[in-house]
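Subject: Structure handover

Hello,

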Amino acid sequence: MRLIGFLLSFMALAACTKALEPKAPVLVPDPVEGREGPTQMKLSAIDSLMWQRPDSALMLLLPCLDTCCVAEFDRHYANLLLAELLYKNDSAQTNRTQLQQAVVYFDSLLLADAPPTTAFLAARAHYINGVGHYEQSQVAEACTKYLKALETMENHFQEKDLIGKKARFMAYTYNRLGDLFSTQFMMEPAIACYEQSLMFGKISPTSPFGISNTLYRLGKQYDKLGNKEKAGEYYEQALEALPINQGPIYRDIVASKALCDYQLGSGMEQPMETLRHILAQATDDRERLTRHLTIGDIFFEEGLYDSALVYLEPVFMRNEDLTCQMQAANYLRIIYDGLDYVEKANECMRLLADQKKSEGENKALVSQLEGLFQDYLNQKQEQKATQEKREAVLRTVKILVPIALVVAVAVIVVSRKRGKKRLAEQQQAHRMEQAALAGRLKRSNQELRELKDRIQQNEESAPKPEAQTALFTEEPIYRLIMKRVNDGKFLSQMDCTLYKEYALDKAQVIALREAANRHFNQFTSRLAKAYPDLTKGDLDYCCLYLLGLNDADVAALLQKAYPTVSQRSRKLRAIFGSEVSLPTMLLGFANNNLLC
């Protein structure tokens, strides 16, 4: 019945799709916090209901979608709620375009003095956008959006403010990141995320099973790392945190703990009895096959291959979980080799070989994910250090200001007690000091005039860098690039593929390099000689920064993801060892070396 209800709801959604398409802008001011209009009040009520009853909230939202398109804020708010409710009701996103427009809109509000509620909406928009990317198997993009959601929350809220819905949102986001890293067998980042999720889950539980589920996930990561003692501790805590000793979560934890106990040397009898007991309680084929894999694992370790085959072969043949299928194939390959079942052994080998190839191809993704997470941790650490310095300065000021006031009062009292003779002596010494200073100043002025004359003579005899730069700006490639930058108005939050029509081709990049070399005396050759660590690709980036472009412009023109370009610019600054911006540094390098 629930499925039928959703189908009817989506029919209603299709009917109002045209209403959700972007219209000509309506000059309606955005609502001010505390003075919402009727539409926003209704959306806020649906928002509140969503956290307890997402199915009911979706039913309330669908009929009013066509009335939420007058005010820009309301339209984007409605599309954010729709995407969140589709996810909470286990349905795919059907409004990806409108959701991504909402992401850009809410981010733009953060540039102004936006209220905290707007920052929370912006973070939620990034999070649910990441969910959409993950549904399309765009893992790196999903990771970027999840991290952006966390950064938005941490930049706009203090720790004491992360309670209630905000704490639950942080727990959800860290859980999604943990699951993403776990799927890629990145156990250390997954553990870090699950620990954060556990902390926020204790502040405001996401569900009666939320704490237990997170503890179980932590145990699984330590299990993958081979730390069976730590894994067993988390499995025990997960069981203690469960409100009831039944259901699939309970059975999953019990099965994992039974296998862990066996691997820690408890013997085979008790774990096997436990596993057979929960196998009898399995409610679907997926769960039964998962239990089969665990039991088959123990039989394999015990060398009871006939019994292991009974449990492992169904897993290999029917399980849709590739990880479980791979584990079963690994055991079966060894058993089949021993029994001389060549054809069956080859079938297992083919699956394992295909997965080995996939793992090799996946290394680049894992490296990218590690870089994204490390950048996030570094930025978080820098912000923490900055905040600690600020607090230390405030503490110092609170201590020094009273002391300074006391000293000032004491100085004033002492000064008033001085006699006229002492004051006259000071005035006389001051007059003498002023006379000496006037003499030195006169000599300094004379030296300064002579230095200016020499500088003016040198400037008159040297060629003008500005004239050379002006000639560079007349180049067709320069004009083409600046026109695209001005027309595109590129944003760092947008996917670079949205600006594909503005991208430079290889010939245009070469033309820019040649123009820079003509006008700045072989600019790239001199730059490569001065900084040998620069690659050929780095030199192309330098030519673009020479034009005064920012990272968002470069990302759009080269069709590179914004984090990739940002990481490249940090690398260039590290090579140059300069505190100034890349455009300023490179233009100075070009102009100062015209005569080289």
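This is a predicted model: local features need pLDDT of at least 70, side-chain atom pairs count only at pLDDT 80 or more; totals for chains, interfaces and linings use all residues.

Aromatic pairs

The count comes to 25 aromatic pairs. Tyr 216 and Tyr 235 form one that is tilted. Their ring centres are 5.8 Å apart, with 45° between the planes.

Phe 472 and Phe 520 make another pair. Their ring centres are 5.2 Å apart and the planes meet at 70°, so this pair is edge-to-face. Phe 472 belongs to helix α21 (residues 465-473). Phe 520 lies in the loop between α23 (506-519) and α24 (523-530). The two are 48 residues apart, so this pair also links distant parts of the chain. Phe 472 is buried at 3% relative accessibility. Phe 520 is buried at 0%.

Cluster and charges

One aromatic cluster takes in Trp 51, Phe 120, Tyr 127, Tyr 146 and Phe 169. Two of its rings carry a charge over the face. Lys 88 lies over Trp 51, at 5.4 Å from the ring centre.

The largest nonpolar core holds 112 residues. Leu 61, Phe 106, Phe 181 and Leu 369 touch the most other members. Leaving aside neighbours within four places in sequence, Leu 369 is in contact with Val 139, Ala 140, Cys 143, Leu 180, Phe 181, Gln 184 and Met 186. Another core, of 40 residues, lies apart from the largest one. Among its members are Ile 477, Ala 515, Leu 547 and Phe 589.

Helix α5

Helix α5 covers residues 72-88. At 1.5 Å a residue, its 17 residues should span 24 Å. The end C-alpha atoms are 25 Å apart, which agrees. Of those 17 residues, 14 are buried, so α5 is largely enclosed by the rest of the structure. Just after α5, Asp 90 takes a positive phi of about 60°.

Best wishes

Key. Residues are numbered from 1 along each chain as its sequence is written. Side-chain values use heavy atoms; hydrogens and water are left out. Rings of Phe, Tyr and Trp (its six-membered ring) pair if their centres lie within 6.5 Å; planes under 30 degrees apart count as stacked, over 60 as edge-to-face and the rest as tilted. Helices (H or I, at least four residues) and strands (E, at least two) are DSSP runs, numbered from the N terminus. Buried means under 20% relative accessible area, exposed over 50%, partly exposed in between (1.4 Å probe, protein chains only). A charge sits over a ring if NZ of Lys or CZ of Arg is within 6 Å of the ring centre and within 35 degrees of the ring normal. A nonpolar core is a set of buried Ala, Val, Leu, Ile, Met, Phe, Trp, Tyr and Cys residues joined through side-chain atoms within 4.5 Å. Contact means heavy atoms within 4.5 Å. The expected span of a helix is 1.5 Å times one less than its number of residues.
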